[in-house]
Amino acid sequence: VIPYAHHVIISVFPSTGATIPHTDQDFLLRVHIPIITNDKNRWLSDDKYFYFKDVGTPYLCDTRKMHAAFNDGKQDRVHLVFAFEDKYCSDS
C-alpha cells in the first residue's frame, strides 16, 4: 500500500516513443519507479534532461511543470507510476 497514492498504473512506453511537452493537473505530483528501463530513457523538465536508469528507484516528477518523455532506446520502458496530491509533499 502506498499512502495517498492514486492513478496507480503500469506504464509501457514503446521504443522510440515520445510525448509532446505538456503540464498535468496543477496539484498532482507523480512518482515513476522503473521496472524495465534503458540509458536512453529521458525526462525533460525545466529545460533539463533527467535519466531514469535505476530499476526499483523511485523518481519524483513534478508534472505541474512543463515536461515531456522520450524513449530513444531499443526496448520498451516499463514503469510503475502513481500520483499524489502536492499537499502531501513537504517539498511542494
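Q: Which residue is the bridge partner of I33 in β7?

A: Please note that the model is a predicted one. In general, the strands of a sheet pair through backbone hydrogen bonds, in either a parallel or an antiparallel manner. Here, I33 has L80 as its bridge partner in β7. That bridge belongs to the pairing of β2 with strand β7 (residues 77-85), where eight bridges join two strands that run antiparallel.

Q: How many bridges join β2 and strand β5?

A: Strand β5 (residues 59-61) pairs with β2 over three bridges, in the antiparallel sense. One of these links H32 to Y59, its bridge partner in β5.

Q: Why is strand β2 described as largely enclosed by the rest of the structure?

A: A residue counts as buried when its relative accessible area is under 20%. In strand β2 (residues 28-36), seven of the nine residues are buried, so the strand is largely enclosed by the rest of the structure.

Q: What is the strand order in the open sheet of three strands?

A: The order is β4-β3-β6, and the pairing is antiparallel. The edges are formed by β4 (48-51) and β6 (67-71); each has a single partner strand, so one side of each lacks a neighbour in the sheet. On average, neighbouring strands of this sheet are turned by 25° against each other, direction ignored.

Q: How many bridges join strand β3 to β6?

A: Five bridges join β6 to strand β3 (residues 41-45), and the two run antiparallel. Among the paired residues is R42, whose bridge partner in β6 is F70.

Note on methods: Residues numbered from 1 in each chain as written. Predicted model: local features only at pLDDT ≥ 70, side-chain atom pairs only at ≥ 80, totals over all residues. Heavy atoms only, no water. Pairing = 2+ DSSP bridges. Helix = DSSP H or I, 4+ residues; strand = E, 2+ residues; numbered from the N terminus. Axes fitted to C-alpha atoms, helices over the stretch in contact; angles between N-to-C directions. Buried < 20%, exposed > 50% of the residue type's maximum accessible area, 1.4 Å probe, protein only.
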